Amino acid sequence: MCPHTSSPRLRVATSVRQLLTVITIASLGALVAGGCQKKSNKTATPPRDTSVEQRLPPAPTEVTATVPEDTEDVGASIDELLMLAQQAMEVGKPDAAQNALRQILIRQPGHSAAIFLSAQIESRHGSLASAAAMLDGIPIDDPNYGIAAAGQSADWLAAIGQVDPAKEKYYAVMSRLPDVAMIRHKLANFLNRVGWRYEAAEVLTPLLDSGEVTESELRSLLQVSVPWSMTQTPTDLSLAESIQEGPLARVLGLLGEKRPREAADLVTQWTASNPRSVDPVAYAFLAASLAELQQFEDLKALFSRTNADVESVPQYWMAKGDYETSKGTHRSAVRCYLEALKRDTTHHILHERLSASLIQIGDVKAAESVDERLGRLIAASQAGGAIGQGNPDDLRAGSDLVDDLEWLGLNQQAAAWLRIVASRHPDSEIAVGVPSRLTRLRDEPASDQMRRRLAGLEPSEFALPSELRLHRLATDGPTSPAPNPGVRTAHAVRPSLVAVAAELGLDFTYVNAAVPRTKNFQIYQAFGAGVAAFDFDCDGWADLYCGQGDGDPPGAQAKLSNQLFRRLPERFVAVTEPSNAGDDGYCMCVTAGDLNQDGFPDLVVGNLGVNQWMINQGDGTFRQATDRANQNPSDFTMAVAIADVSGDAIPDIIEVNHVDDPKIFEPVDVTPEGFLLVYPGPLMFRSAMDRVWVQSAAGDLDEVALDGGSNHPGLGLVVTDLDGQPGLEMFVANDTRPNQVWSRSQSDASNAGVPSAAIEFDDKAVAMGCAFSSRGEASACMGVASGDFDNNGLSDFMVTNWIDEWWNLYLQSSLGSYRDAAPQYQLDRVSEGVLGFGAQAIDVDNDSFLDVMIANGHIDDLSHIDVPFKMLPQLLINRGNHFEPADHADDSFWTKPQLGRCVIRLDHNRDGKMDAVVADLMAPMQLLENRTQTMNHWIQFELAGTASERDAIGASVTIHTGSLQRTTLVATGDGYEGRNEQVVHFGLGAAGDDVTVSVRWPDGREQSYSDLAVDGRYLLIEGDDIAWGR
């Protein structure tokens, strides 16, 4: 016997190489022939079968013999038949080879070499399942072919998607050769591609210490919660072995893309197709999907079918944490998120949710530590992508990465990267003292590393939720007062909103630059400008004030001005010049309100630059009042409102700003082909401070900063009474930062007559539950629609977001307490793939349920990468327990893709059906007249405060008619850039009885009015018992 062939070490090495390479028929034949061959370029093959009856001469290096078609030779030995089979394959005669092998298996059914070669022939016919089944005839402990057969079978099963048996065979191979790195590479690659990312990380762990881990594998460990392909560089992907991505990998991708409904469907299909497999990873992914969709009844059923193995998967603990968050048991949520973090310290969204829960329990310092850790994680991922042989940033990125990983408590990974980077740069600073640093990394106590992985938090300080809580998911979860009258099961009316601007003489088009830009915008050129509906001449009809951009700030003056259109009985007429209402600043937003309390609505214009305040003189003209305050000339104001937020019955001006950075005026970078290279988002610039201009009785305006410790880039605004307590709240929808709810601090509110300089406002959004999305993250919020969407008597918010984020639906379950119920109301479905801007609540058919209108359109033209620029507007019908797209009776407006921006609500023709104005970034502004055919009734109110400020912002109006009860708050800010007509509208459905109205004025006093006829508008004056017909 040849000593080299009999060597156990050689047999192991040969079997490993068999596992990782394609086995050629020629080399197999040479092996069977026996004898030690000289080294050649041929692929390594299994050692010869020791059961062969006799040795044959070495096979020739080239086949010269003629192989007969009929290889049946009863006198041939097994070795001779194997040689014939090998020769037949080399000359392309697989049938002859199979015939020879069949003869062997008739004589010796368990002959490993014959089985192995027969399976190879079967695989070449494309029958991988059959070929893998044939290899099952070779036991794993076969000394020559067992490991190779198991590995080859695993490869074939993986190729045809039979991942569970493939996984079993791969692990069987590794269990016999645990110290062979090549096997771990193979198994980790398979697990990563299928989506078993956490198991792949465990398989790779021993290679971190041995120094045999590859850079591609190290990159995969930097973020284990996303698909493997997302962690790799283009070079990694080009060199990677071609393995089809598995369903769990696609589920991971869908969860990362915030598409949990699709993720749930996919994992459900996958588990149904593998009924015998109870995969804890699949169940954990499904639990995470259901938790994000707020389907707690389904989540309860899922938990009842799982076993303890699922607790090893971080997504299981995230799902439990999400449920605890929804109940308001935030300490238990923190514990669940920490349990998840122990199992995956690289999960970005997990950090965001943990931080949000810590803020909810008041531990801001701990939340900041978690946020800091997330920042280092993101930096580590970015550095990992910049490392590579020959990359210019290899050394810098490598040094940063090693430091980040050690800071994060991932010492093994830090040591592995240190070896790689130092070996490539032996003369660099990082190479100095490598042995001592490796020793330090290796010897640091595991408890110290874990403490850094958990951002210094100790899980035992937070109680785990009990099993009792877990199994009551459907019964003791968050509840709201029951909707009245309930869920609608049918919606027979087809809404009809028709564009009538042109026929009514309303001719206005926004321009975003002196030479209009159609793509590659600077940040301020993408937002459009606002529109305000207000009755400036007090004739009972809503007029329109339209903001214009034009010009090239900061220096160039615009040629086009804002426009004021007066509503006459039959048409609109431009009255900008005679009314002195023009402004040639770069307008972003507008609002209207009675700033000086003389009964005539005034204007505030928010600009990129100095804002303008225009006082209505009551004679059809305005005068400028901007000099009453020392404004910041670099303001980038995106929302303004007039309301009494200081509590003295005198209205103030609220100003929400986006960014404050001269870099916004620098040209954007484009590719040689003229495409936008990087969109100039808000995080690229210094955020601006929001403020309140507090007005004194003498009309002086003093600046009060809305300072929460850091500035946020604001976009949307609603001002009203959100908690039923004295004073108003200001809800600010922020772009990529947590939303805010500003309210006058309790110490100030309890002391009348506090000087404006001493007034302070606190941010209560986190405590109220509307700072973050249901996913526990800050969204790229745009516009806000406010109203009582679930008809429980409390005001809610719907917030539009970025194209890859579903909209938020913050429902108020008790005074001042919100939860984001977006997926529960199926907003994830209707907001998929659209970027929403302005939004308004509008009862389009007067059935007493608030529907929602949204203007959509992307922030820039990215159509070259298959991202739509113009998008369809939407009207979502409120079904009581979900929203769905409207079936329009007239779809001429709704089927045209647009670049919608501001949306406001009004009843322009006083017919009791609410209309809307939609401003576009490039196309003419549209007035949508509501022509919906319905017999439903309605009632409208205008309010005038006396003891309260005149516009009565924050007043609560409740109507009763028959069994119907509805409540609306008087608000301003109105969502995104504009101002709704100041009228309180109620759709009454079929209720035609007289109406009783109760008003709670902003100062807390209440008043009632009885026996009001439906289908009319009334003026309610604080302290006056008469409801005046309008």
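Author: Helices and strands are DSSP runs, numbered from the N terminus. The model here is predicted.

Reader: Where is alanine 455?

Author: Alanine 455 sits in the loop between α25 (446-453) and α26 (467-470). Check its backbone too. Its phi is near 55°, which is positive in a residue other than glycine.

Reader: Is alanine 455 buried or exposed?

Author: Use the cut-off: buried means under 20% relative accessible area, and exposed means over 50%. Alanine 455 has 18% relative accessibility, so it counts as buried.

Reader: Which value does phi take in aspartate 1011?

Author: The phi of aspartate 1011 is near 60°, again a positive value in a residue other than glycine. Now look at the setting. Aspartate 1011 belongs to strand β35, residues 1006-1012. With a relative accessibility of 59%, aspartate 1011 counts as exposed.

Reader: What about omega? Which form does the peptide bond from proline 553 to proline 554 take?

Author: That bond is cis, with omega near 15°. Proline 554 lies in the loop between β3 (543-546) and β4 (563-567).

Reader: Now sheets. In what order do the strands of the open sheet run?

Author: Read across the sheet, from neighbour to neighbour. Five strands give the order β17-β16-β15-β14-β32, and their pairing is antiparallel. At the edges are β17 (761-763) and β32 (972-975), each of which pairs on one side only. Ignoring direction, neighbouring strands of this sheet are turned by 30° against each other on average.

Reader: How many bridges join β15 to β16?

Author: Four bridges link β15 (residues 729-734) with β16 (residues 740-744), and the two strands run antiparallel.

Reader: What does the side chain of asparagine 734 reach?

Author: Start with its place, in strand β15. Next comes burial. Asparagine 734 has a relative accessible area of 0%, so it is buried. Then list its partners. The side chain of asparagine 734 reaches the backbone oxygen of proline 738 at 2.7 Å. That side chain also makes a polar contact with the side chain of glutamine 740, at 3.0 Å.

Reader: Which residues lie nearest the centre of the largest cavity?

Author: They are Ser786, Arg905, Thr968, Leu969 and His985, out of 33 lining residues. Next, ask which elements take part. Those giving two or more residues to this lining are β18 (784-787), β22 (836-842), β29 (937-944), β31 (964-969) and β33 (984-989). Then sort the lining of the largest cavity by class. It divides into twelve nonpolar, 13 polar and eight charged residues.

Reader: And which residues line the second largest cavity?

Author: Its lining includes Phe508, Tyr510, Val531, Arg901, Asp920 and Met925. Glycines are there as well: Gly528, Gly530 and Gly547. Two alanines, Ala529 and Ala919, are also part of it.

Reader: How many residues of each class does the lining of the second largest cavity have?

Author: Six are nonpolar, three are polar and two are charged.

How values were computed
Residues numbered from 1 in each chain as written. Predicted model: local features only at pLDDT ≥ 70, side-chain atom pairs only at ≥ 80, totals over all residues. Heavy atoms only, no water. 1 Å grid on protein atoms, 1.4 Å probe; cavity = no way out; pocket = protein on both sides within 12 Å on 5 of 7 lines; lining within 4 Å. Nonpolar A, V, L, I, M, F, W, Y, C, P; charged D, E, K, R; others polar. Pairing = 2+ DSSP bridges. Axes fitted to C-alpha atoms, helices over the stretch in contact; angles between N-to-C directions. Buried < 20%, exposed > 50% of the residue type's maximum accessible area, 1.4 Å probe, protein only. Polar contact = N/O pair within 3.5 Å; in protein donor to acceptor, adjacent residues only side chain to side chain.
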